[in-house]
There are 2 protein chains.
Amino acid sequence: MVKLSAYQKLEKRFARIHLLKSIGHLLRWDGEVMMPPASIGIRAEQLSLLETESNSILRASQTGRLLDSAETSRQSLDDWEQANLREMRRLWQHANAIPNRLVNAFHRATTNAEMQWRTAVEQNDFGMLEVPLERVIAVVHERAQVLGDALRCSPYDALLDEHDPGRRATELDGIFARIRCGLTPLIPAIMDRQSSRPTVELAVPVAVARQKDLCKRIMKGIGFPFEKGRLDESLHPFTEGTAEDIRITSRFDPDNFFTGLMGVLHEVGHAMYDFGLPAKWATQPVGRDRGMAIHESQALFLEMVIGRSRAFMNFCAPLVARIFGVSGAAWTSENLYGLATRVKRSLIRIHADEVTYPMHVVLRWELEQDLFRGTLRVKDLPGAWNEKMRSYLQVVPQDAKSGCLQDSHWPMGYFGYFPTYLMGSVIAAQLFAAVRCAVPDIMSRIEAGDFEPLFSWLGRNIHGQGARFTGGELVERASGHEVNPDYLISYLRDKYLLQ
Amino acid sequence: MVKLSAYQKLEKRFARIHLLKSIGHLLRWDGEVMMPPASIGIRAEQLSLLETESNSILRASQTGRLLDSAETSRQSLDDWEQANLREMRRLWQHANAIPNRLVNAFHRATTNAEMQWRTAVEQNDFGMLEVPLERVIAVVHERAQVLGDALRCSPYDALLDEHDPGRRATELDGIFARIRCGLTPLIPAIMDRQSSRPTVELAVPVAVARQKDLCKRIMKGIGFPFEKGRLDESLHPFTEGTAEDIRITSRFDPDNFFTGLMGVLHEVGHAMYDFGLPAKWATQPVGRDRGMAIHESQALFLEMVIGRSRAFMNFCAPLVARIFGVSGAAWTSENLYGLATRVKRSLIRIHADEVTYPMHVVLRWELEQDLFRGTLRVKDLPGAWNEKMRSYLQVVPQDAKSGCLQDSHWPMGYFGYFPTYLMGSVIAAQLFAAVRCAVPDIMSRIEAGDFEPLFSWLGRNIHGQGARFTGGELVERASGHEVNPDYLISYLRDKYLLQ
């Protein structure tokens, strides 16, 4: 029998983690889509068992020794293997930095706060969440301190690193400030222009079965491989799986087919990224996606940049007419495009259009850091929230539910997560500029229903690179430039003021 | 911290095995019902990982030491715990008796033979299976020898023990011989009587959605707990899960709703057994079902004894009429009963009625033992098969596909499995006699759609007993008598000649 090197032994360990995680994906998908309601108890136990199993591989002292040993003979490895080893170490650091005491404290604090958050939303009373959220912030702070020590970065940067590896707060500060400045005059200009171009509302309800037919037809056109994927329904759209089996869901509204279709496009964007990850490295850390900002960029690229374009609507409108059996002014390509790109100042982030959406994230970004630093007390959050809403979007929530209670991220302990949504938009816009340079007729190809050149470019430049580079390097290699928010501002200006 | 006893440590180990197995159930269900076809590769790896994990707990030397230690202080345990410890030892014996070499040889031989069997069926050529099946029998023999040494029984009895713990071949010899003698005159008498009572065929196709509505309505009546179970479609009906989440499937034929309904009743019989297992022992070996013969008895009880009774048809016919929107001579309760109890000598076991079915198993029982002993060579199997078909059922297969190639059990290495089907019928008939004694108006309650007394009796006497007793003891405690095939003969005679 051939003796395995330390690196090869690590590959075997991480392949096992991959397999355990792939089972977890299926269990979570089933939990949202298929599971009978009273089976939730055993499902939680099953997921916790899988989590414990993969953590125990990651946290085993033998894994640490193998990493040390593999790193000393790093020069014998090729580029991909070296990147893989770096990612293994990164996962090991994240898993081993936090002592069990703190893992448990975090779990208790966030479980409690999430529960309280649900009640607070029901009763529309932010006060109920104050104490639990303060506790979460205290534990997140302690956790970030320990993680920052291990990763040799600031506590808050350590939180960012969990979702968007390598990203630093100073970079985001600059990017988000530019976006805020750029959007402030853009939003009223766009709304003004749109007010002189009225749209016709969709007045005919469409059966969910027909909407699914349309979505599947479009998914096939995009190249979604149904032989290893599915589309189903759930309360909120999501994507679960690994490249061997990816399942997306959407939510369908008979009165507005855009809800279902745009949900599908968003999730297909996520799924195509996962399908396109380097197959050779499927079971290894370097074969995974490069964090949430890049993942979100792929979803927003397909939903916002492509899905809400005239070219896509020209491709889509005849399918809509045929599959839904509809016609008339509301269903023309131009009117559908108008409906899909309507801009409106609103209170709820998840319903916001692509022009005002960034402001919702900028607001959270600023408040989150104030909360984390302690310069904003939890009890003062509603006031600060409403003040910023007035200043950035000129709308003010009349209650907590449509204000600072609308998201569960903070009660669940997700600090450092909101920025990935906006970085997704930024990166999507930058990649769009790059792909239009590389494939000048890209939009007329999409109008003709040909998505191959788009996904071939994304596959080469993003998907197939896995976690080989940092997110920043990946974007720079693909586009020729550092991440730059001006691409987003230009993209929005071109699309909403010039076309 | 309280120090755990050896027995308590074992309970923790077996609870972990239970959880791993519950995940495997879900993965198998998904594989048959939901999984995209090209995901079969990773699914196999996932299942194999779970299997390896539970086997490694079972085969750990520490598990053996804990068993030894717990057995020395057995007197400190209560009845259930002692039975649990016995079952733990039993599972340990089965897992540890077979050396890895033989586990692998069995896996290779059966994987190859099953593959060859598929091709042989397609090409309708038994010759292709000869060599692979000979190899399977040789490995099964070796495996049985080793297992028999460990369990201190004959090699063939060791195989029986895997599927129906504690059952011995000598007992089955007597039972099956009595059944063969009893049925030989009964079959022609029943067919003769039925020939003078013609039925009207169901000429109207019924949409699958309506058939499912009917089945769900009946499942609710029976008490199937949909809050922790599901009904779906698959190529062959099956039941997967543990009491916390059980999923059944059936196959629906628009031209014959009995296919779907009887499949559902069969699987609901299996599911109600699992749902009714002792909740307190859910994660432990003593909380499992008592083997395949008892499991099959519960499925056949509901499908054959109850589902194909006049009482059930009187309950069912109005629902059929309402949900399907049908009426006329074909859809009367009496005609439906006639159709559901039609007896016909036929070639294929899985399509056989309850009167001729036992002959199909008797034939396999006899041939299987001859093959195992070496008194029948594989190449002579088709001739021997056809000879027995002629003798027992007066029909002779014209090709291998409808003869000895019809089942995959032998190529898959399932020796000792066929008898559980017939023992299921035998036990179902015996339990029926017992429940009619205990609840004299049981059939009129069912006619009124009230299944509570039936499942309350089965729950107390069978389901809730888990694996506390052997199958034989369980039947004797429930019915007051040793397993006796005369109950089956009387049940068939009463139902088909006297009613």
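Student: How many residues of chain A are in contact with chain B?
Tutor: 24 residues of chain A are in contact with 24 residues of chain B. Contact means that C-beta atoms, placed from the backbone, lie within 7 Å. This is a predicted model: local features need pLDDT of at least 70, side-chain atom pairs count only at pLDDT 80 or more, and totals for chains, interfaces and linings use all residues. Residues are numbered from 1 along each chain as its sequence is written, while chains are lettered from A and ligands numbered from 1 in the order in which they are written.
Student: Which elements give two or more residues to the side of chain A that touches chain B?
Tutor: Helix 1 (6–33), helix 2 (40–59) and strand 1 (229–233) of chain A. Helix 1 of chain A gives the largest share, six residues. Helices (H or I, at least four residues) and strands (E, at least two) are DSSP runs, numbered from the N terminus.
Student: And how do the residues of that side divide?
Tutor: Twelve are nonpolar, five polar and seven charged. Ala, Val, Leu, Ile, Met, Phe, Trp, Tyr, Cys and Pro count as nonpolar, Asp, Glu, Lys and Arg as charged, and the others, Gly among them, as polar.
Student: New topic. At what angle do helix 16 and helix 20 of chain B pack?
Tutor: About 70 degrees, with the axes of helix 16 (residues 418–438) and helix 20 (residues 486–498) of chain B 8 Å apart. Axes are lines fitted to C-alpha atoms, for helices over the stretch in contact, and angles run from 0 to 180 degrees between N-to-C directions. So helix 16 of chain B is roughly perpendicular to helix 20 of chain B. Angles under 35 degrees count as roughly parallel, over 145 as roughly antiparallel, 65 to 115 as roughly perpendicular and the rest as oblique.
Student: Which residues meet there?
Tutor: From helix 16 of chain B, they include V426(B), A429(B) and F432(B). From helix 20 of chain B, they are Y487(B), L488(B) and Y491(B). By class, this contact has seven nonpolar, two polar and no charged residues.
Student: Which residues of helix 13 of chain B are buried?
Tutor: In helix 13 (residues 333–340) of chain B, L336(B), Y337(B) and A340(B). Buried means 20 or more other C-beta atoms within 10 Å of the residue's own.
Student: What do these buried residues pack against?
Tutor: Helix 10 and helix 12 (310–324) of chain B.

Conventions: Two residues are in contact if their C-beta atoms, placed from the backbone, lie within 7 Å. A residue is buried if 20 or more other C-beta atoms lie within 10 Å of its own, exposed if 12 or fewer, and partly exposed in between; C-beta atoms are placed from the backbone.
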